[in-house]
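Me: I've got a model open and want to talk it through. Can you walk me through what was computed from it?

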Amino acid sequence: MNIAEMTGGELGVYQATKAPYVIHKGKKALKVAEPYYSKKERMITAFCPHCGLELNRVWNMEYCGSCGGPVSWHDISVRDYGDIP
Ligand SMILES: [Zn+2]
């Protein structure tokens, strides 16, 4: 069940686009890869689109902690969670 189903469509109706990157503060940032939601940790995790390191949506909001590449958590579809505008 995703957030749209849990809230009767009130949340999560946004449909993420297939664009591979977003422009944020005038800079191009690649979207994180294969984002998923962990119910146990209540955290969204994904992989760095540059180096493949695992990232989370708490500590790695704008940059990868390993390679320093700019990443974006916007306009993504998160498995078991829903879409994030
Ligand atoms: Zn990286």
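Predicted model: local features only at pLDDT ≥ 70, side-chain atom pairs only at ≥ 80, totals over all residues.

Me: Which residues make up the largest nonpolar core?

Reply: The largest nonpolar core has 11 residues: Val32, Ile44, Ala46, Cys48, Leu55, Cys64, Val71, Trp73, Ile76, Val78 and Tyr81. A nonpolar core here is a set of buried Ala, Val, Leu, Ile, Met, Phe, Trp, Tyr and Cys residues joined through C-beta atoms within 7 Å. Buried means 20 or more other C-beta atoms within 10 Å of the residue's own, exposed means 12 or fewer, and partly exposed is in between, with C-beta atoms placed from the backbone.

Me: Which elements give two or more residues to this core?

Reply: Those are S4 and strand S7 (76-78). Strands are DSSP runs of E with at least two residues, helices are runs of H or I with at least four, and both are numbered from the N terminus.

Me: OK, big picture. What's the secondary structure of the protein?

Reply: There is 1 helix and there are 8 strands. From the N terminus on, the order is α-β-β-β-β-β-β-β-β.

Me: What is the strand order in the open sheet of 3 strands?

Reply: The order is S3-S4-S5, with antiparallel pairing. Strand S3 (33-38) and strand S5 (54-56) are the edge strands, each pairing on one side only. Two strands pair if DSSP finds at least two bridges between them. Neighbouring strands of this sheet are turned by 25° against each other on average, direction ignored; the axes are lines fitted to C-alpha atoms (for helices, over the stretch in contact), with angles from 0 to 180 degrees between N-to-C directions.

Me: How many bridges join S3 to S4?

Reply: 4 bridges join S3 to strand S4 (residues 43-47). Among the partners in S4, Ala33 has Phe47 and Ser38 has Met43. The two strands form a hairpin with 4 residues between them, and Arg42 in that turn has a positive phi of about 50°.

Me: Where is Asp75, and where is Asp80?

Reply: Asp75 is in the loop between S6 and S7, while Asp80 lies in the loop between S7 and strand S8 (82-84).

Me: Why does Asp80 count as partly exposed?

Reply: Because Asp80 has 13 C-beta neighbours inside 10 Å. Asp75 is partly exposed too, with 17 other C-beta atoms within 10 Å.

Me: Last one: where is Tyr63?

Reply: Tyr63 is in the loop between S5 and strand S6 (71-72). Tyr63 counts as partly exposed because it has 16 C-beta neighbours inside 10 Å. Leaving aside neighbours within four places in sequence, Tyr63 contacts Gly68, Gly69, Pro70 and Val71. The C-alpha atoms of Tyr63 and Cys48, 15 residues apart along the chain, are separated by 8.9 Å.

Note on methods. Residues numbered from 1 in each chain as written. Contact = placed C-beta atoms within 7 Å.
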